[in-house]
Structure formats: C-alpha cells, structure tokens
Amino acid sequence: MLRLSLIVLCLLGSLLAVPARAQTNAVPPWGTGESQAEDLVVSLVTFSPGDDVPSWWGHGSLVVEDRRLGVARVYNYGMFSFDDAMLARFAMGRLEFWVGQARVDGTYRYYRAEDRDVRIQELNLTTEQRLQVSKRLADNVLPENREYLYHHYNDNCVTRLRDMIDVATSGQLREADRAPGRMTLREHTRRYTAPSPPMSVLLDFMMNDEIDHPITRWEEAFLPDELEAQVASLQVKDAQGQSRPLVARQWNYYLSPDRARPPAEPPPWGPWILALGLALGGGALGLAAWARQGSRLARVFLGLENALLGLVLGIPGTALFVMGWVTDHTVTYRNENLFLANPLTLMAVPWGLSLMRGKNPKTRARLFKLWGVLAALGGLGVVLKVLPPFDQDNWRLIALILPISVGMAGAFGLDRILARFTGAARVSAPRDEAVVSLKSP
C-alpha cells in the first residue's frame, strides 16, 4: 500500500510518455547540417488532457520541419520508464525524464486515436532563431544530453519548451510573463485533478505550502494550456524595435467533439468534503451509542470503520512522513497535514479489527487514546495557523479529517463516560432498596 501511495504521487508529475514504438533514433538533417535555415519551421504543439491519470494535465511538444527536404520530427520531453527502478528513484525524489524524437504523423495519429486535441502554433521566428532552436533540439536528444532531473512544477516537459522559446526570443517571453498569475499552483492542480475527487484530495494531502504562494504567469506555464495561451498573446520585438506576434499561424490537426476543457476554476468541493468528514465522525458516535445498547452488529461496524479509516488515512500519512524526512521531495517537507494523519493513524487498523472480534477489553481504551491524540494534534494544527509559518492551504483536509478524529475520540470517550455512569447507577440501586426495606413495617 505504501508503494501504491508513491505511484499515486508520482502520477502528479507524469504529464505523458509517448509509446516507445513511436520513437526514432534517426538524426534529422538540421542535426547534421544539411538543412538551410530558411527551410525550417518550428511549431509548438499542444495536446489536450486525456482519460487516464497521467494525461489529465495535457502535454506539449516542439516540432521541427524541413519543408525542402520533407522531414519533420516532434520532440517530447516527457519520456520516462514506469518500472521498479523508476519508483525507487522517485521515492527518493530523483525522478529522471528524457527527451525523445518521433515522427510527426504517427504521433498526431496516436493522440487522435486517444480523442485528444492536437493544436498547432507555428512560431514566427527569424531564420537564425529557427536554426538555433532546431540545432538545440537535435543536440538535446543525443544519449549523452537527453536526461534531466524532473520536477513537477519547475522543470517538466512543458517548462523545457517554455525555456527554449524564451531563449529564442531573447528573454521576451519571460519578461512578458512577470505579471501575476491567475491562481496558485495548488489551485491549478485542483482544477486539473477535477475528474477524480479522491485523487484530487490525495494529491492535496501530499503537498506542502510550497505550492501556495503567489506565482507569475511564467510559473503558470508548467501547464501546456497555459503556455499555449501565453505564446498566442505574445508580441516580440525585432532588432529594429518592430513588434510582431510570436505565432505566425495556428490550426488544429484534430479537435475532440466531446472532450471538455479543464475547468477554469478549482471545483468548489469544500462543503461536500466537510459534510463527508462530519458524516464519518458522526457515524462513529451513532455506532458507539448503538453498541452501548448491546448490539454486536454496531460494534463490528464501528471496528470496521476504524480499520478502514486507519488504512485510508494512515498509509498516505506514513508515506508523507517518510518522504518529508528522508527524501528530496521538497513539496512534502514540513507538511501541516501530518497534524491530521501520520504513522500513528495506522494503529487504528489492528485495534479496529480487534474491536470487531470483541475479545480484548483494552481495545476501546486504546482507540480512545489514539483518536484523542490525533484530534488534539489536528486542533493544534488549526491553532498554529495564527503564526505566519503555518500558512499551508489545507483547509479541505482539516474539514475532512479533523471531524473524523473528534468523532472517533468522542465515540470511545462517550462509551467510557456512559460505562462509568451506568456502573455507578447499578451499584447505588441496591443500597437505596435496602434503606427502603429497613424503613418498611
């Protein structure tokens, strides 16, 4: 299950891997010096999000075409191997991607078969700039140059394209992108993970306040759609100070008739998440009250709820604890969600199963202490938010997990209080009856 958590977090960074069969090792003419600069065309291609989790983010590539020689290549910086070695590297925060080249027609057909948009922007670059970009791409794809250390937001398969276009335009893209971004990296992540609320909440849980600070449009261009929009709006100046649009022309190879674009804003799930947390915490209180009436079924259900929540919250909490302390994943460091779920939460699994069996009289006391500690830690995390360092945007997780911990602690605390109260009543009743009998004639 810990391996599963690592895979899920890894999917955040997996913008897309083009199938190995689409790749080619042939050196293109602009890499051998055969191409003439005036014959080259450089285009930015944006592929819309797909159905599977790694493709939710969409994808982008650069295409170089020599129209005189009739040769074209698509350059993809999203190549990786999804195997055990990759998982081990990722677990330590050293995920390696590389750039590959492929034939354009085969790549476009692949995305069309996936029912994903293929949108093309021909860049309005000078002959020198086109030759510069083409040679750099041909050099990047060489085995000794192709690999790079991947970062979800700062260095991915789209930021590499952004940086190359910026160099070609002498820094004009970055200069134009100094304006404030529309939203934070977390908000962008939430809107792109909208297809799956559970995955969205899990990724939200794993990342710290590094993605909560205000960003610029430059940083927003880690997303293909954002880079596409920025390139379309950019006016670049030539050596004479004359402005021209960066995009010479744009067209669509394919537009999906049914696929919707990502939402413009993060989905407003906060009230629903709070309702779920209150339902689970309140359900524990209801089961505890039912169990006090002698219901074996209520005890089994309460134990089952403890075991399941221990798994669902404890595994990500444990993964977050490990990744925050012993890996290079900066987005997991000093994560405030550890106040809500951590390795302690896993103890609810064996004790929940023990409660289901009903054979250990100490189980209820142990669960009371466990959830009491977790509820206190969660409350502490909320109180600490008055201090500037505790500025993580984790209110969705607080709304979900804190009511669960409080409800569970209350369920077993109520059980203990009622046990003492009813026990005292049973002891005092015979004494009252004895007094009455002595006074009777």
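Strand 1 (residues 40–47) is largely enclosed by the rest of the structure, because eight of its eight residues are buried. Buried here means under 20% relative accessible area, while exposed means over 50% and partly exposed lies in between (1.4 Å probe, protein chains only). Helices (H or I, at least four residues) and strands (E, at least two) are DSSP runs, numbered from the N terminus. The model is predicted: local features need pLDDT of at least 70, side-chain atom pairs count only at pLDDT 80 or more, and totals for chains, interfaces and linings use all residues. Residues are numbered from 1 along each chain as its sequence is written, and side-chain values use heavy atoms, with hydrogens and water left out.

In a regular strand the side chains alternate between the two faces of the sheet. In strand 1, Leu40, Val42, Leu44 and Thr46 point one way, whereas Val41, Ser43, Val45 and Phe47 point the other way, and all are buried. Two strands count as paired if DSSP finds at least two bridges between them. Strand 1 runs antiparallel to strand 2 (residues 59–66), and eight bridges join the two. Within this pairing, Leu44 has Leu62 of strand 2 as its bridge partner. Strand 1 also pairs with strand 5 (residues 118–123), in the antiparallel sense and over five bridges. Here Val45 stands opposite Ile120 of strand 5.

A salt bridge is a side-chain nitrogen of Lys or Arg within 4 Å of a carboxyl oxygen of Asp or Glu. Side chains of opposite charge can pair when their charged atoms come close. A search of the whole structure finds 22 salt bridges. One of them joins the side chains of Asp225 and Arg119, at 2.9 Å from N to O. This pair links distant parts of the chain, with Asp225 in helix 11 (residues 224–233) and Arg119 in strand 5, 106 residues apart. Both Asp225 and Arg119 are buried.

A further salt bridge is formed by Arg190 and Asp204, whose closest N and O atoms are 2.9 Å apart. Arg190 lies in helix 8 (residues 185–192) and Asp204 in helix 9 (residues 197–206), so the pair ties together parts that are 14 residues apart in sequence. Arg190 is buried, with a relative accessible area of 11%, and Asp204 is buried at 3%. These two residues belong to a network of salt bridges that links Arg186, Arg190, Asp204, Asp212, Asp393 and Arg396.

Glu336 and Lys385 form another salt bridge, with 2.9 Å between the closest N and O atoms. Glu336 lies in the loop between helix 13 and helix 14 (348–357), and Lys385 in the loop between helix 15 (363–383) and helix 16 (395–439), so the pair ties together parts that are 49 residues apart in sequence. Glu336 is buried, with a relative accessible area of 6%, and Lys385 counts as buried at 16% relative accessibility.

The UniProt record, an unreviewed entry, annotates residues 269–291, 303–326, 338–356, 368–388 and 394–414 as "transmembrane region". UniProt positions are given in the numbering used here, feature names are shortened, and annotations may be inferred rather than shown by experiment. In the model, residues 338–356 are 47% helix and 0% strand, and the end C-alpha atoms are 27 Å apart. Residues 394–414 are 95% helix and 0% strand, with end C-alpha atoms 29 Å apart.

Helix 12 (residues 270–292) has 23 residues, which at 1.5 Å a residue should span 33 Å; its end C-alpha atoms are 33 Å apart, which agrees. The expected span is 1.5 Å times one less than the number of residues. Buried residues of helix 12 include Ile273, Gly277, Gly281, Ala284, Leu287, Ala288 and Ala291. Gly270 lies in helix 12 and counts as partly exposed at 30% relative accessibility. Gly270 and Ala399 are 129 residues apart in sequence and 7.6 Å apart in space, C-alpha to C-alpha. Just after helix 12, Gly294 takes a positive phi of about 95°.

Trp290, Leu297, Phe301, Leu304, Leu308, Leu311 and Val312 make a nonpolar surface patch of about 610 Å². Patches are made of residues with over 30% relative accessible area and no salt bridge; like charges are joined within 9 Å, and nonpolar side chains (Val, Leu, Ile, Met, Phe, Trp, Tyr) within 5 Å. Accessible areas come from the Shrake-Rupley method with a 1.4 Å probe, and for residues only the protein chains shown count as cover. Helix 13 (residues 296–326) gives the most to the nonpolar patch, with six residues. Leu308 is found in helix 13 and is partly exposed, with a relative accessible area of 45%.
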